[in-house]
Amino acid sequence: MNINSPHQYPLFHKAVIESGGPTSRALHPYDSALHEEQFRMFLTLTSCSGLSDTAILPCLRNASEASIVEASNTVFAHWNPSVRWAWQPVIDKDLISRRPLSAWKSGNYANVPILTGFNHNEGTMYVPKTTTTSAQFREFWAELLPHLGNEELDVVEQLYPDPAVYPDSEYLDTRGLDVGAQYKRLEAAYGHYAYVCPVRQTAQFSKTPVYLYHWATNRTILGGANHGDQMWYETFDPSTTSVSSTHKELAGVFHDYIVSFVLTGDPNAVKGRWKRPVWEAWGKKGEQEHKTMVFGAGNDERAGGKGKGVIAELLNDTWGSKQCEFWWSQTPNVED
């Protein structure tokens, strides 16, 4: 079967991908050590551990709904920060035969137009705000990704200069917030690892047009442009349009792009209500022209500031590109 033929996917001819990319959620074999550990934890929480294989299912069937839900949520939350989720699809050699990266590299995937992107502060809600020392920064990654060796951890530290050592580090937090001195450094690194770089990787591998965005408008002083902030704008939600005339325009522009893409596969084809710049596909003019639509850069009205920033601007956005080269190199480096 030629899966690149559009006739094989009559109901799947374009995609808006948000909250990461195909390579950001590492799939594991159904019998991986990771999933076995997660299941053992689940059995312990439901008081069904230590039983024979034939006795496990009857025990779970007799457990209360509340205990099953609580155990499931607890296991999920435990691995959530490392993006090694429990209860996700597994490689079963039947429906899912391999990891997404293998399909990307072979070109054996559905080639459809994609609109995707990331927010500037994807990591703010996922990392400990009390991270104070460089040693804690390193310990976070050692615990989060135990398959990284000391050499890889050294690279992570170098890619994100320690503000305690380098006063000109972009991760020096000058906001006067009650957070650890390493918080800004850690949230940036985590945001790249879990969201920004997988999204860039999607654009890097795709052979069809990819319209990439970088959401940059600050919602709060602490969270910045937080994970998921853009969704209220793409739906033209009153919680965003009522903030100011600038935010109403920002929501209108983003909404028009999304609607145009959904209807045609091109964010520019349908004019809409709001005047907006042409959104070129990422890499359209060559490998060095990685055009990204940056939304709301410099706007901090919702965070109590007066900066209106720029509604939308197409840029050769290199933010995070150096760090992403490292995280891309680690995509095949999995635990099993």
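**Entry 1**

I looked up C324 to begin with, and at 0% relative accessibility it counts as buried. The cut-off I applied for buried is under 20% relative accessible area. I note here that the model is a predicted one.

I then asked which residue C324 is bonded to. C324 forms a disulfide with C197, and the two sulfur atoms are 2.2 Å apart. I read -85° about the S-S bond of C197 and C324, which makes this link left-handed. C197 sits in helix α7, residues 183-205, and C324 in helix α11, residues 321-329, so the bond ties together parts that are 127 residues apart in sequence. I checked C197 as well, and at 1% relative accessibility it also counts as buried.

**Entry 1: the other disulfide**

How many disulfides does the structure hold? I found 2. I had C197 with C324 already, and I went on to the bond that joins C48 to C59, where S to S is 2.0 Å. The link of C48 and C59 is left-handed, with -85° about the S-S bond. C48 lies in the loop between α1 (33-45) and α2 (53-62), while C59 is in helix α2, so this pair ties together parts that are 11 residues apart in sequence. C48 has 0% relative accessibility and therefore counts as buried.

I also wrote down the pairing pattern. With the bonded cysteines of the protein chain numbered in sequence order, the pairing is 1-2, 3-4.

**Entry 2**

Strand β2, residues 114-119, and strand β3, residues 210-215, run parallel and are joined by 6 bridges. Within this pair, I found N119 opposite W215 of β3.

I looked up T208 in the loop between α7 and β3. Is T208 buried or exposed? At 18% relative accessibility, T208 counts as buried, because the cut-off is under 20%.

I listed what T208 touches, leaving out residues up to four places away in sequence: N111, V112 and P113. A polar atom of the T208 side chain lies 2.7 Å from the backbone oxygen of V112.

I went to the loop between α6 (150-159) and α7, where D173 lies. Which side chain does the side chain of D173 make a polar contact with? I found that of R175, at 2.7 Å. Leaving aside neighbours within four places in sequence, I have D173 in contact with V179 and K184. I also took the C-alpha separation of D173 and Y183, which is 8.0 Å for residues 10 apart along the chain.

I checked the backbone angles last. Most residues other than glycine have a negative phi.

S47 has a phi near 60° and is not glycine. I placed S47 in the loop between α1 and α2, the loop that also holds C48. At 65% relative accessibility, S47 counts as exposed, whereas C48 counts as buried at 0%.

K93 is not a glycine either, and its phi is about 70°. I placed K93 in the loop between α3 (65-79) and α4 (100-106). K93 counts as exposed, at 65% relative accessibility. The cut-off for exposed is over 50%.

Terms used. Residues are numbered from 1 along each chain as its sequence is written. This is a predicted model: local features need pLDDT of at least 70, side-chain atom pairs count only at pLDDT 80 or more; totals for chains, interfaces and linings use all residues. Side-chain values use heavy atoms; hydrogens and water are left out. A disulfide is a pair of cysteine sulfur atoms within 2.5 Å. Helices (H or I, at least four residues) and strands (E, at least two) are DSSP runs, numbered from the N terminus. Buried means under 20% relative accessible area, exposed over 50%, partly exposed in between (1.4 Å probe, protein chains only). Contact means heavy atoms within 4.5 Å. A polar contact is a pair of N or O atoms within 3.5 Å; within protein, one must be able to donate a hydrogen and the other to accept it, and residues adjacent in sequence count only if both atoms are side-chain atoms. Two strands pair if DSSP finds at least two bridges between them.
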